[in-house]
Amino acid sequence: MFASFSGLSARRRGAARVAAATLLSGLVAAGALTGAGPAAADETAQNQGGATATINGLKTFGTAVIHGDTGDQQVSAGLFEMSVEGGGTLQTYCVDIHNPTQKDAKYHETPWSGTSLDANEDAGRIHWILQNSYPQVNDLAALAAKAGVKGGLTEQDAAAGTQVAIWRYSDGAEVDAADPEAEKLADYLHKNARHMPEPQASLTLDPPAVSGRPGERLGPVTVRTDAGGATVTPPADAAVSGVRVVGEDGKEITSAADGSQVFFQVPDDAADGTATLTVQASTTVPVGRAFTSESRSQTQILAGSSESTVSATASATWAGTGAIPALSAAKNCAKGGVDITADNKGDEPFTFELMGIHHTIPAGTSRTVTIPLSEDQAYDFTIQGPGGFEKRFTGVLDCRTRAGEAGDATQTLTEPSPATVGGTAADTNLAETGSSDMTPLIAGLAVALVLLGGTALTITRRGQSGRKG
């Protein structure tokens, strides 16, 4: 499938890599969806809890100039705004200067380990810049004084200077702010930045999946959050299945706090099955948290948050006999793939196959299998188990920035308008949309190949077709 791109010139190779990923995305999704069974609704993108938001575009920005081998590119630089699902607003800067921003892309709060920040030794310096500049420091007169900006700073200057300083560390870009005041701020932030640790997630559940036998309390699932408290919602079919969510004392609970342990209480006579609980809270998301999109829209890093809704889910699987898998997944940029963790609480091995390789999880053990993927590769894995169990994981591996892969066409500053796949390359704002003249071609080829069909990357549970439970 990728051979057709082998003849492209070196300067187009980065765009070809994106095209290949887009084609794979269409083929994998088409195959997996047609083969999905009744339980395929248990679908998990690699969202490990926290805020989910939709990007609205650049809101406060100035001008910057990127210096490259093919000339200078004048771009917009500044603060993006996102609308949080359930309520709230986020302000972010981007950390992937050459990658497109897709219009209305949905973003998930993500650990640095699932982004380009994982391999970036200066990620902690970016966090320092966020904590010590606009909008966290909204006294612009004081910020100007620290930076030695005699003419003062406007909000646009502050946003542009901050973004420029971040790009120097996130992308290694040779970039300057066009406005002298903004450039002085950028130089000050770049020079004085110090390492700070990655901030904790706003809300996670650990582990996100548990398993066991009917009649047992399955868990514990530990709540980790910076919120003062959180609500716990039991499985949607709890009234029918009889599955309850309880605390350490065995009593049913509807709320939790940081460090709380929650369990699934499964009835003795429950048929083999699965259930999911949801924990939700309202809090300000910690500055420095990364946000990634499953549409390969440029990675963002949080600069400010209103009181926002955050949530996380955990699942439970139970069976009377045989293998009883608990499955979760997370992007692992250090290993260049997706970690699938399988915890088998049953009395028989749990075996699945992916890309021609069999993986076996012995009874009573837990293992993590890393599925290697190419950069920008879309994936759609469905793992099947006993009793109609299915777990689906979807996403895109986005572990590197596109520095040096943006092509050699110079973009000019225009009114910001996020690009969509299949949009025109003219009047494109690089800082907001990246640079790619392959977009229409990618979209057209992707549609054509989806119509032709393809083979899904589907993980199948073996040896259980005739097994009861």
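In the predicted model, His359 is in contact (heavy atoms within 4.5 Å) with Phe350, Thr351, Phe352, Val369 and Ile371, once its neighbours within four places in sequence are left aside. The residue lies in strand β21, residues 357-361, where helices (H or I, at least four residues) and strands (E, at least two) are DSSP runs numbered from the N terminus. His359 counts as buried because its relative accessibility is 16%; with a 1.4 Å probe and protein chains only, buried means under 20% relative accessible area, exposed means over 50%, and partly exposed lies in between. One of its contacts, Val369, is 10 residues away in sequence, and the two C-alpha atoms are 7.9 Å apart in space. Residues are numbered from 1 along each chain as its sequence is written, and side-chain values use heavy atoms, with hydrogens and water left out. As this is a predicted model, local features need pLDDT of at least 70 and side-chain atom pairs count only at pLDDT 80 or more, whereas totals for chains, interfaces and linings use all residues.

Met355 lies in the loop between β20 (350-354) and β21, and with a relative accessibility of 43% it counts as partly exposed. Between Met355 and Ile371 there are 9.0 Å in space, C-alpha to C-alpha, for a separation of 16 residues in sequence.

Aromatic pairs were searched for over the whole structure, and 2 were found. In one of these, Phe350 and Phe352 form a tilted pair, with 5.9 Å from centre to centre and 45 degrees between the planes. The rule applied is that rings of Phe, Tyr and Trp (its six-membered ring) pair if their centres lie within 6.5 Å, with planes under 30 degrees apart counted as stacked, over 60 as edge-to-face and the rest as tilted. Both Phe350 and Phe352 are buried. A further ring, that of Phe263, has Arg217 over its face at 4.5 Å from the ring centre, the criterion being that NZ of Lys or CZ of Arg is within 6 Å of the ring centre and within 35 degrees of the ring normal.

Thr317, in strand β17 (residues 307-318), is a buried residue at 8% relative accessibility. Its side chain reaches the backbone oxygen of Pro325 at 3.4 Å, a polar contact in the sense of a pair of N or O atoms within 3.5 Å, of which, within protein, one must be able to donate a hydrogen and the other to accept it, residues adjacent in sequence being counted only if both atoms are side-chain atoms. Beyond its neighbours within four places in sequence, Thr317 is in contact with residues including Val210, Ser211, Gly212, Leu218 and Phe389.

The count of salt bridges comes to 16, each being a side-chain nitrogen of Lys or Arg within 4 Å of a carboxyl oxygen of Asp or Glu. Glu85 and Lys106 meet through their side chains in such a bridge, at 2.9 Å from N to O; this pair links distant parts of the chain, 21 residues apart, with Glu85 in the loop between β3 (71-84) and β4 (89-94) and Lys106 in strand β5 (residues 106-110). Glu85 is partly exposed, with a relative accessible area of 40%, and Lys106 is likewise partly exposed at 41%. In a second bridge, the closest N and O atoms of Arg289 and Glu109 are 2.8 Å apart, and the pair spans 180 residues, from Glu109 in strand β5 to Arg289 in the loop between β14 (273-284) and β15 (290-293). Both Arg289 and Glu109 are buried. Asp343 and Lys345 also form a salt bridge, at 3.9 Å from N to O, and Lys345 counts as partly exposed at 42% relative accessibility. A network of salt bridges links Asp96, Arg296, Glu375, Asp376 and Asp398.

Strand pairing (at least two DSSP bridges between two strands) joins β2 (residues 52-68) to β3 through 14 bridges, the strands running antiparallel. Within this pairing, Thr60 stands opposite Leu79 in β3, and a hairpin of 2 residues joins the strands β2 and β3. Strand β3 is also antiparallel to β4, to which 4 bridges join it, with Met82 having Leu90 of β4 as its bridge partner. The hairpin formed by β3 and β4 has 4 residues between the strands, and Gly86 in the turn has a positive phi of about 90 degrees.
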